[in-house]
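Please look over the sequence and the structure shown below, and keep both in view while reading.

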Amino acid sequence: MSEAATPATSVKPYRTISVPRLLRKFGPLLGLVLLCGVLGAASDRFLTADNLLNIFRQSAVNALVSLGQLVVIITAGIDLSVGSILGLCCVLVALLLRAGVPAFAAVLAALAIGASLGAINGILLTKLHLPHPFIPTLGMMNVARGLALVISGGFPISELPSGFRFWGAGSLGWIPAPVILVVLFCGGFSVFLSRMTAGRDIYAIGGNPQAARLSGVPVDRRLILVYALSGFTAAAGAIILAGRMNSGFPLAGVGAELDSIAAVVIGGASFLGGVGTVSGTLVGALIMGVLRNGLNLLNVSAAWQTVVIGVVIVAAVWVDVVRQRAAQKRSN
Amino acid sequence: MDSPILEACHITKSFSGNKVLDGVSFDVRPGEVHALVGENGAGKSTLMNVVSGVVRPDSGEIRWEGRPIVLNEPRDARALGISFVHQELALVPQLSAAENIFLGRHPASRGLVNFREIHERARDVLRGLGCEIDPRRPAGELRLAERQLVEIARAVAFYSRVIIMDEATAPLADQEVAALFRTIGLLRGRGVGIVYISHRLPEVFEIAARVTVLRDGKQVLTRAAGEVTPDDLVRAMIGRELKERLELPAADRASPEEALRIEGSLDLTIRRGEIVGLAGLAGAGRTKLMEWLFGARGGRAGRIFIEGREVMLRSPVEAVRNGLALVPDDRKLKGLVLGAPVLHNIALAGGRTRLFIRRGREETAAREWIGSLRIKVAGLDQPVVYLSGGTQQKVVLARWLHAGARVFLMDEPTRGIDVGAKAEIYDLIRKLAGEGAAVLMASSELEELLGLADRIVVMHRGRIAGELARAEATEEKIMHLATGAAH
């Protein structure tokens, strides 16, 4: 038995370098670089420092919301309520500020409300045994949007204090503040997913909920945490958006849930759960931002932009399916 | 005596060089119940798959009313009038009982289903079986026994002349079994031949005219039920020559310290260093017992004491916290996160109280387990989906060793594992016990239990039917308890 004689410490990390593995890891990034190359060739205004910073700034809200959506999708779930939670938090933070609440307190309150609404999604899912996260988050999507309209009376709440507007419109040197926020959040989520027990539990739940449960993973608690995180990032998105627009408007974030799902999926996460990374999601959000920006520069109408984005979403996932099927064939 | 409707003559069938059926002959006459018994893996299912057209035999002949026939696919068998009522009921829960009965051949005109006709015909068929189920009720709302009747009604509506029932009474309560037997009586009166597969010998004697015993793919016995005793059947099922014991473990390695005790509708104590075998036939409740102990299943079968302290195990989280480990019966479904790397699968249950993962320590520990359990993997990052069954099972065991479990609940720990890996798992279980762990091990392989266990607890229909000390335990005694023949 030669295996028996091998010392235990010789078990190497299994990190063979192969084209499919590289493609899996860097595929979305490669797509982003190619896209930038094409758009740079098509428009001389695209590859300028100002424009690139602009893209980062414009992608920030989607990137933040997508981080929460990513964590949900890793558990094989979906969160349809993030756009509405964003809208409600946008209105609430503006109202608090207009009522004279200090900026940091208003921000903390908005984040807490976003996280609580998300946690309610999780509680509905796990304690009421609703059959699929689609249902509680669809309900919350309507409830939160409705509340945003009720509270605001349907009108935007404008003229916010400048101290608050920093996170949406300000910058540190030449770096836009929202970009700093996105980097901080990405770092935090990265640590959470790869270094924390709860983060790894989330991958296990997405990969096989039954095995996770029978291994002592507190599945319900983790799912509630996951939806709370998603609500939290939606609220963070609301703070950026309210700052940038200088108002809290009740229809903020309409469609944000679908944009975030698109970014996560383009970034290589699997709808079946258990797979997905922060870096991929960030690249996915940037691909969407670059596409919108580049097509704008090329004077493509907003209507056609939507068509292009739809095609990109399907194509990105299809490429992933083709790659996986090829890998499966090779291993059989 | 009537001549047989369906005959299988000298059927032989091999799967990848493994002879599953070896010259088996079997027949059913009109209005007769012919019981087919044997241990798990004796070849019963394969034989029935042959006569229902699912599997083609390598050699041998199938005759229908005396004429040789060839069954290429299940449809051919159904067209003749052979129906299979499966153990796992195959009804569409959303459809009504009537729609299920006529599924796939609704009486229809010009593409429109005539529901009134379906309901009336379904009611007639069900009445004919002596039951009053409303044919409009969705199958999902019916009780298990009623669903079974719907399946039988389905067979009757097909004008079946031979109905094969595979462990039909396994999920039923006593009075439901009685009702099923009345239905079988009605079917017999109409000249339907019934093949009755069961683990429960008292039932076989109650209902069958003839019995056939299969063992390791061979036909051991075919006799009129009145000419044999339960003892004869048990002996035929396990074979006269009792197989060699795996090994005699060191006597009395168990310490007097109790590790796990259950009090209530089931009474069971396991001491530290002891391996307790849990025997029982399919559906006896072994998996249920283990999952209940592990907090993974509701209900309250009794009080649980770990190391003398009473504990409430409301969820697996609490079971793991109390030092319990569950090696589930279905590795892929319940044991492993298949797409995740070896490292994560090993580390999943350990270090649960920590907020952050200690990567370095975890990797070192995982490498040590991989070395000491001889887990053959390419590396810590390899997804477990690509590993062999035995290697996967070792990953599950490594997880619980890593978590520091002290009481191991193992449900069929060697199912679907090759011989070499089995021996390694046996060694591991012995070593665990030698180091003071308590092991409760359920297995359908009696040899395995006889070779490993210090005591064998036998379950029958959700209860403990008896307990055998190592010295007195034999396959025969276990089978007596497990089939209920002892009562």
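B:V85 stands opposite B:M165 in strand β9 of chain B, in what is a predicted model, where local features need pLDDT of at least 70, side-chain atom pairs count only at pLDDT 80 or more, and totals for chains, interfaces and linings use all residues. Residues are numbered from 1 along each chain as its sequence is written, while chains are lettered from A and ligands numbered from 1 in the order in which they are written. Strands (E, at least two residues) and helices (H or I, at least four) are DSSP runs, numbered from the N terminus, and two strands pair if DSSP finds at least two bridges between them.

Is β9(B) enclosed or open? Four of the five residues of this strand (residues 162–166) are buried, so the rest of the structure largely encloses it. A residue is called buried if 20 or more other C-beta atoms lie within 10 Å of its own, exposed if 12 or fewer do, and partly exposed in between, with C-beta atoms placed from the backbone.

Elsewhere in chain B, four strands form an open sheet whose order is β14-β13-β16-β17, with antiparallel pairing. At its edges are β14 (268–271) and β17 (309–311) of chain B, each of which pairs on one side only. From one strand to the next the twist averages 20°, where axes are lines fitted to C-alpha atoms (for helices over the stretch in contact) and angles run from 0 to 180 degrees between N-to-C directions. Within this sheet, strand β13 (residues 258–264) of chain B and β14(B) run antiparallel and are joined by four bridges; B:E258 stands opposite B:R271 in β14(B).

Taken as a whole, chain B has 17 helices and 22 strands. Its radius of gyration is 25 Å, close to the 23 Å that the globule rule gives for 487 residues, so chain B is as compact as a globular protein of that length; the radius is taken over C-alpha atoms, and the rule is 2.2 Å times the number of residues to the power 0.38. Of the 487 residues of chain B, 46% count as buried.

Chain A, by comparison, has 14 helices and four strands. For its 332 residues a compact globule would have a radius of gyration near 20 Å, and the 21 Å of chain A agrees with this. Of the 332 residues of chain A, 48% count as buried, and its C-alpha atoms fill a box of roughly 75 × 55 × 35 Å along the principal axes.

Finally, how many residues does each chain bring to the contact between them? Chain B gives 37 residues and chain A gives 29 residues, two residues being in contact if their C-beta atoms, placed from the backbone, lie within 7 Å. On the side of chain B that touches chain A, α10 (316–321), α11 (331–335) and α13 (359–372) of chain B each supply at least two residues, and the largest share, five residues, comes from α13(B). By class, this side of chain B has 20 nonpolar, eight polar and nine charged residues, where Ala, Val, Leu, Ile, Met, Phe, Trp, Tyr, Cys and Pro count as nonpolar, Asp, Glu, Lys and Arg as charged, and the others, Gly among them, as polar.
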